[in-house]
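Dear colleague,

I am passing on the structure below, and my notes on it follow directly after it.

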Amino acid sequence: MTRLDASKIKSLGWDPKGLDAVFNYAASLSTDTFMIITDGQRVGTLGDLSKPYNVHSIRKSLLSAVIGQHLALPENHLRLDATLMELSIDDAPVSLTDLQRETTVRHLLQSVSGINHPAAASGSLEEEIDKRLGHAENQPGTIWAYNNWDYNTLTTVFENATGSEVGAAFEDGIAKPVGMQDFDRSAVSYVFDPQKSEHKAAMFKMSARDLARVGSLYLNHGVADGQHVLVENWTSLITEDFAETGYGGLRMGHGYLWWIPAKETGLPEGTFWAWGLGNQALMVIPEWNTVVVHQSDTTEFLKRFIPLISSENITGEAAIEQLIFSCLKRAARETEYCIEHRFTTKREFTQLMSLIVAARE
């Protein structure tokens, strides 16, 4: 763990003792990398910031960034009001209805397609999606749901419209302009499940220091080295055009594939963040001019999670709960998995964020 000296920390608006509590708590979790950057300076860091990890659902916010970057180009081929019908987008093995194909690109970005179709890399979302969307047609734009079908289809839309794979587009359009050190297009792979859908999930691996550069790009309203990397209003849309999710807390709202925390979290208005399985997080806090990155290596967790959902036929949510509780048993607490690799729970991550808020002077 490294951090600035106490006087410098105070000058950047942080309480040194409060930050000690933050980093000591992070070190007690299965956190692999953690960093806080304020005014472009690393206030404190934990772990190997150069090692790429699977960022899981942060991929969706990175996809949003690629779209915002493409909209800034003179040769932009995307229209946010274009419908799936206009774009010749369907699905297989279950086709879309005519009403479903009235969904626009903006609807996909806002997670309001209303389409309940099987999706690749759907994880533990099915039960929640069924509850929100049901299995009948929904009018596009009327119901919000955190729906991997929307995000995977958005990947297809982007690649068809631009003729570029997401990895190549991200490398050329985002990674190079912001000076990423550990990313190249091979860090993006696809999950494809043709028995569910023809739309692929584009998965990212990224280091903490490169994730922080994405956060800094958003802090700077999409500008890097004086150039508009993202279309001018892209960052403001997140907090101005979002849906309330009904979750409250850190995930009160969702806009353009980023989460919006509720006021009661103590985070200032205008904060937004990207989230992934295992509480991977990239948090952008404009009022503090701060970026926070949190990562946990989920490799060992997935070795246990995937067999549970495939062989025991339980939901992803139930499998996560089972693995969390397994580390509460006395005999398991001292195992390498439960000490180093266990799943970082929602409660633990919420506590970490509360400590961060408390450390802000």
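The side chains of D130 and N116 are joined by a polar contact of 2.9 Å, where a polar contact is a pair of N or O atoms within 3.5 Å, of which, within protein, one must be able to donate a hydrogen and the other to accept it, residues adjacent in sequence counting only if both atoms are side-chain atoms. This is a predicted model, in which local features need pLDDT of at least 70 and side-chain atom pairs count only at pLDDT 80 or more, while totals for chains, interfaces and linings use all residues. Residues are numbered from 1 along each chain as its sequence is written, and side-chain values use heavy atoms, with hydrogens and water left out.

Of this pair, D130 lies in helix α5, whereas N116 sits in the loop between α4 (105-110) and α5 (126-133); helices (H or I, at least four residues) and strands (E, at least two) are DSSP runs, numbered from the N terminus. N116 is buried, with a relative accessible area of 19%, and D130 is partly exposed at 33%, given that buried means under 20% relative accessible area, exposed over 50% and partly exposed in between (1.4 Å probe, protein chains only). The side chain of N116 also reaches the backbone oxygen of G134 at 2.7 Å. Leaving aside neighbours within four places in sequence, N116 is in contact (heavy atoms within 4.5 Å) with I129, D130, L133, G134 and H135, and D130, with residues up to four places away likewise not counted, touches N116 and H135.

Turning to helix packing, the axes of α3 (residues 58-71) and α8 (residues 208-219) come within 12 Å and cross at roughly 50 degrees; axes are lines fitted to C-alpha atoms, for helices over the stretch in contact, and angles run from 0 to 180 degrees between N-to-C directions. I58, S61, L62, S64 and A65 in α3 meet L211, V214 and Y218 in α8.

A cis peptide bond, with omega of about 10 degrees, joins A92 and P93, and P93 is placed in the loop between α3 and α4. H221, in the loop between α8 and β7 (223-224), has a positive phi near 60 degrees although it is a residue other than glycine, and it is exposed at 53% relative accessibility. N279, which is not a glycine, also has a positive phi of about 60 degrees; N279 is found in the loop between β12 (272-276) and β13 (280-285) and is buried at 7% relative accessibility.
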